[in-house]
Amino acid sequence: MMIVAFIVGLCFGSFVFALYERFVCQIRLFAPRSFCFACEKTLKFYHLVPLFSFISLRGKCAFCGAKISPLSPLCELTSGILFVFAFKFSANAFEFAFLSLYLATLLLLSLIDTKCKAVPELLLWANFIFALCFAFDESELYTLLLGEFKGFLANALIFAGGIFLLKSFVSCILNVRRQHEKLESMGEADILLIAGMGAILGFKFGFYALFAACLLALPCFFFVKKNTSIPLIPFLSLAFVGAFSVKEGL
């Protein structure tokens, strides 16, 4: 079954990369059919087989010979691995479906954030809903009626509120020294994403994931130019996978 999960993941990876390219180039997401961005010719179905098409075509368009981005097979392979990861840590088909979708949207958000330093709000909410469907337990509703506030919703609100307060505090400190500049310490996208991650992982492992993401991103500050923003979503995604593996492995 892991092989089936990997193949399905490859197909989703191809779809994720197509969405990424269309978003970056500001093309309608679901129409027209897949085409070469260089010669604009519609691709045949056998040009779209994940990994194998890239290898058989030697990384070039079958019509005009334009180079295909190596990010395409890398995205497909990463998605395949993520789907195997989801299969390993899912108790049933329902959990597998939504954990896979959650990880696939994390991959897409990471690609877009790296390229554009901004992500679409609709995709963020889709990611959060996938997290909700995967981790929400109906028993939370009963405990809520009994006055106990715990579980997915509680963790989501705790992390969202905590990150919002941290964001505001850091912005306040920065603005004290630089009153005449408009500063932003963390985007709204990061807050919603961290809320979903924290809701799945719980307080302890959610905190570990956030801390690990910051450590992973720290070296980038030594290599980027001054006043250049660093995409945080790729580091958050890596940290989530690591923290989730540790949490489920305990």
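Colleague: Which residues of H9 are buried?

Modeller: Bear in mind that this is a predicted model. The buried residues of H9 are Ile 233, Pro 234, Phe 235, Leu 236, Ser 237, Ala 239, Phe 240, Ala 243 and Phe 244. Buried here means under 20% relative accessible area.

Colleague: How do you know that the length of H9 agrees with a helix of 17 residues?

Modeller: Helix H9 covers residues 233-249, and at 1.5 Å a residue those 17 residues should span 24 Å. The end C-alpha atoms of H9 are 24 Å apart, so the two values agree.

Colleague: What does the protein chain come to in secondary structure?

Modeller: There are 9 helices and 0 strands, so the pattern along the sequence reads α-α-α-α-α-α-α-α-α, with helices being DSSP runs of at least four residues. Of the 250 residues in the chain, 39% are buried. Taking contacts with a separation of 6 or more, 62% are between residues 24 or more positions apart.

Colleague: Back to H1. Which of its residues are buried, and what covers them?

Modeller: Ala 5, Gly 9, Leu 10, Gly 13, Val 16, Phe 17, Leu 19, Tyr 20 and Arg 22 are the buried ones in H1. Their cover includes helix H3 (71-88) and H4.

Colleague: What makes Val 16 buried?

Modeller: Val 16, in helix H1, has 3% relative accessibility, and the cut-off is under 20%, so Val 16 counts as buried. Leaving aside neighbours within four places in sequence, Val 16 is in contact with Cys 75, Ala 104, Leu 107, Leu 108 and Leu 111. The C-alpha atoms of Val 16 and Leu 108 are separated by 5.9 Å, although the two residues are 92 residues apart along the chain.

Colleague: How do H1 and H4 pack, then?

Modeller: Helix H1 (residues 2-24) and helix H4 (residues 93-116) pack at an angle of about 35°, with axes 10 Å apart. Their crossing is right-handed. On the H1 side the contact has Ala 5, Phe 12, Val 16, Leu 19, Tyr 20, Phe 23 and Val 24. On the H4 side it includes Phe 96, Leu 101, Ala 104, Leu 107 and Leu 108. The residues of this contact divide into 15 nonpolar, no polar and 1 charged.

Colleague: Which residues have the most contacts inside the largest nonpolar core?

Modeller: That core has 58 residues, and those with the most contacts inside it are Tyr 102, Leu 103, Leu 193, Ile 200, Leu 236, Phe 240 and Phe 244. H1, H3, H4, helix H5 (121-135), helix H7 (152-177), helix H8 (188-217) and H9 each give two or more residues to the core. The largest share, 15 residues, comes from H8. In soluble globular proteins, nonpolar side chains tend to be buried together.

Colleague: What does Leu 193 touch?

Modeller: Not counting residues up to four places away in sequence, Leu 193 touches Leu 106, Leu 109, Leu 124, Asn 127, Ile 233 and Leu 236.

Colleague: Why is Asn 127 called buried?

Modeller: Asn 127 sits in helix H5. Its relative accessible area is 1%, and buried means under 20%, so Asn 127 is buried. Beyond residues up to four places away in sequence, Asn 127 touches Tyr 102, Thr 105, Leu 106, Leu 109 and Leu 193.

Colleague: Why is Ile 158 called partly exposed?

Modeller: Ile 158 lies in helix H7. At 46% relative accessibility it falls between the cut-offs of 20% and 50%, so Ile 158 counts as partly exposed.

Colleague: Where is Leu 51, and what is its phi?

Modeller: Leu 51 is in the loop between H1 and helix H2 (52-56). Its phi is positive, about 65°, although Leu 51 is not a glycine. Gln 26, which follows H1, has a positive phi near 55°.

Methods
Residues are numbered from 1 along each chain as its sequence is written. This is a predicted model: local features need pLDDT of at least 70, side-chain atom pairs count only at pLDDT 80 or more; totals for chains, interfaces and linings use all residues. Side-chain values use heavy atoms; hydrogens and water are left out. The expected span of a helix is 1.5 Å times one less than its number of residues. Buried means under 20% relative accessible area, exposed over 50%, partly exposed in between (1.4 Å probe, protein chains only). Axes are lines fitted to C-alpha atoms, for helices over the stretch in contact, and angles run from 0 to 180 degrees between N-to-C directions. A crossing is left-handed if the near helix is turned anticlockwise from the far one by less than a right angle, and right-handed if clockwise. Contact means heavy atoms within 4.5 Å. Ala, Val, Leu, Ile, Met, Phe, Trp, Tyr, Cys and Pro count as nonpolar, Asp, Glu, Lys and Arg as charged, and the others, Gly among them, as polar. A nonpolar core is a set of buried Ala, Val, Leu, Ile, Met, Phe, Trp, Tyr and Cys residues joined through side-chain atoms within 4.5 Å.
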